[in-house]
Amino acid sequence: MEARLAARALRARSRTSTICADPRGPAVPGERMNRGTVVFLALAVLLAHTLAIYQTPDGGLAPPFELAHVAFHIARNLVYEGQALWNPGGPPVESYPSVTWILVNAVAARLYLAPNFVTQGLGFACALATAVVVAQFSPRRSAGLIAPLLLAASGSAAAAAASGTEAALAMLLATSAFLAFERGARVALAVVLGLMELVSRPETGHGPRRARAWPYFVPLGIALAGAIVRVAVTGVWHSPYVDPLLELAPGRWKLGALYLWGFVYASGFGLLFVALAVAILTGRTSPMGRRALWLTASWWGLVVLTGGDDQPFWTALVPVLPLFFLGLQECLREGMDRNERLAGVVWSVLLLSMTGAFCASKVPGDFGPLRLEEPHTRWQTPTGELARAYPRPFGRLGLLEEVRAVEHLRKLGVFLRNRVSEDATIQTFWPGAVGYLSRKEVLDLSGRAWPLPGRQRPFSWHGHERIDLPATLSPDAEYLVPLIGTIPDRFAPTDFLRDILERFDVVGPTEERMRVLLSALRNYELVSVPVPLKSNDALHWSDQPFPLLRRKDLDLSPHLVLEVDDAGIRVLVRHQGHQQVVDLCLRLTDRKGKLWYLRPTGDWTDAQPLDARTGLLLFPTGSNAVRLLEQHLPTAIEATELVAWLHNPGMRPDAPLAPVGLAASVTLR
């Protein structure tokens, strides 16, 4: 009898020891809760978070990032041209970080599926699946819900879900690989690491090593096969995205450090970084937490070395963001296990951090009587060297800017596809949406989608490479996209050129450099083209034309005809080019040399230059001339000369770059 009791007690102690040794954590009765409900809540928050921040002005889901359109364009070329190149027929180069993501888009193109739908749907699914995977690391502890809740509150994860890039898929694979590693599932680890090697950027590492290293042979074998194919096709072993890691570039490292500091400072998780530092210094973290943080630090270190990127919401940091939250979770859990009185502090810090993250995902504004819009905007605005390289604001403001820019570029791409010659060549710093929707040959002035003249390979999409802009401009390109959207009213006529020099040129916006750039652009004229109201609605025109630089020798400018007789003044136009928007200015000179301008009301004024007609939409007229204006000659003015000319809307009639075509003049007696 005593022997049976002793054996029963031994088995009970063995079961207790087994439970307590569970790497997923002991089942503490006081911490039991309905985890399924909380995980479902985290998924709902992440989905709602994404839908809330990734909207168009009319409330619809915004199109993918500009970078995603690069993959769309290359995938379509692969399907219809048989070449996975930015410009088919050119040298074989890598223009996008993930070959697998190009193949995903190619499958969508072959099946006649909208790439927006496929990539954003896959991104949503991957982001939600990542939250589920993160919840599996400590399934018996309420503290195991910290990481999923932080992921749901993260604007970076929410933006990645709808970005149309491979960021959300890379995030899911990295988290799944780490879970397989911690569970000792070597087959699953090998599969997931192999997928990571296929999907993620070429500079991705392969995770921590343990004694049994065979699962790592799969990604290493894929990497070796990829290198062999690369050298056979392009002549080099490594991807252009590895080039920054092989260079000694302290300036790029500093930019990358500022990029990472921007995340620490403006993501809303700053308080968690303080808690993490305290936990590490006091040794309050678990082995799993240390491994997760080591992997996070390794990836983020690579991001620093490559200089960060210009995507919204710190997209370059996203692949290991769940591991960062997991490391934080382990630190906070260890702190609560060692001192139960810290539980209230931990959950308070968590609540404040989630609130801060949601603030980063919010458009700045006042909160009741609290005037918070200005400090909120300053918090989300980069400064100094980081602002010169990546002028886009942090957080939601930067995402809104990306959404607006992509829609502008998509509308321009639709115009170029429908209204411009098929063999036209376009130069731009933003090649994705323009190239995909215009279906024209697009030269990337930033040198990332296509190599610059004199280079064999593109630049990486990470970092910020400055170029010799005047020397880079191609004299054969018919069009050049100088900015996104309309010229702001506060700008002087050439301020957009100064902005380009400040952001992209190796010298910067000096007066001498401006003269050199204007000389390089002497064969171009500024024109304003009518783009659709929406990129998916080509039947209705926007009231905000898009400025382009067009080669003068194309002879597409409108030709004015000025007629004066006893019946009055008639201004006519002949136009053989595509549609464009112009303003009409009419000027009289009297015998004393005084200048008079015609108002839209029909009155003449000697004030500053004014337009007689604004927002004129010119269509091709064929061999006929179209009347723009008819007006009686003023009897009170002894006019000696009459001049009429067209210019770009929203600019002073006499401003540099404003005139469109040649002026028409008549000498009066």
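Let me begin with a definition: a residue counts as buried under 20% relative accessible area, as exposed over 50%, and as partly exposed in between. Please keep in mind that the structure above is a predicted model.

With that definition, consider R371. Its relative accessible area is 64%, so R371 is exposed. R371 forms a salt bridge with D366, and the closest N and O atoms of the two lie 3.0 Å apart. D366 has a relative accessible area of 34% and is therefore partly exposed.

Why can such residues pair? Side chains of opposite charge can pair when their charged atoms come close. The count for this model comes to 25 salt bridges.

A second example joins R570 and E563, with 3.2 Å between the closest N and O atoms. Is R570 buried or exposed? At a relative accessible area of 14%, R570 is buried, whereas E563, at 33%, counts as partly exposed.

E630 is partly exposed, with a relative accessible area of 42%. Salt bridges can also share partners: E330, R333, E334, D337 and R338 are joined in this way into one network.

I turn now to helix packing. Helix α8, residues 167-183, packs with helix α14, residues 321-338, at an angle of about 45 degrees, and their axes are 8 Å apart. That angle makes α8 oblique to α14. Where they meet, α8 contributes M171, A174, T175 and F178, while α14 contributes P322, L323 and L326. By class, this contact has six nonpolar residues, one polar residue and no charged residues.

Technical notes:
Residues are numbered from 1 along each chain as its sequence is written. This is a predicted model: local features need pLDDT of at least 70, side-chain atom pairs count only at pLDDT 80 or more; totals for chains, interfaces and linings use all residues. Side-chain values use heavy atoms; hydrogens and water are left out. Axes are lines fitted to C-alpha atoms, for helices over the stretch in contact, and angles run from 0 to 180 degrees between N-to-C directions. Helices (H or I, at least four residues) and strands (E, at least two) are DSSP runs, numbered from the N terminus. Angles under 35 degrees count as roughly parallel, over 145 as roughly antiparallel, 65 to 115 as roughly perpendicular and the rest as oblique. Contact means heavy atoms within 4.5 Å. Ala, Val, Leu, Ile, Met, Phe, Trp, Tyr, Cys and Pro count as nonpolar, Asp, Glu, Lys and Arg as charged, and the others, Gly among them, as polar. A salt bridge is a side-chain nitrogen of Lys or Arg within 4 Å of a carboxyl oxygen of Asp or Glu. Buried means under 20% relative accessible area, exposed over 50%, partly exposed in between (1.4 Å probe, protein chains only).
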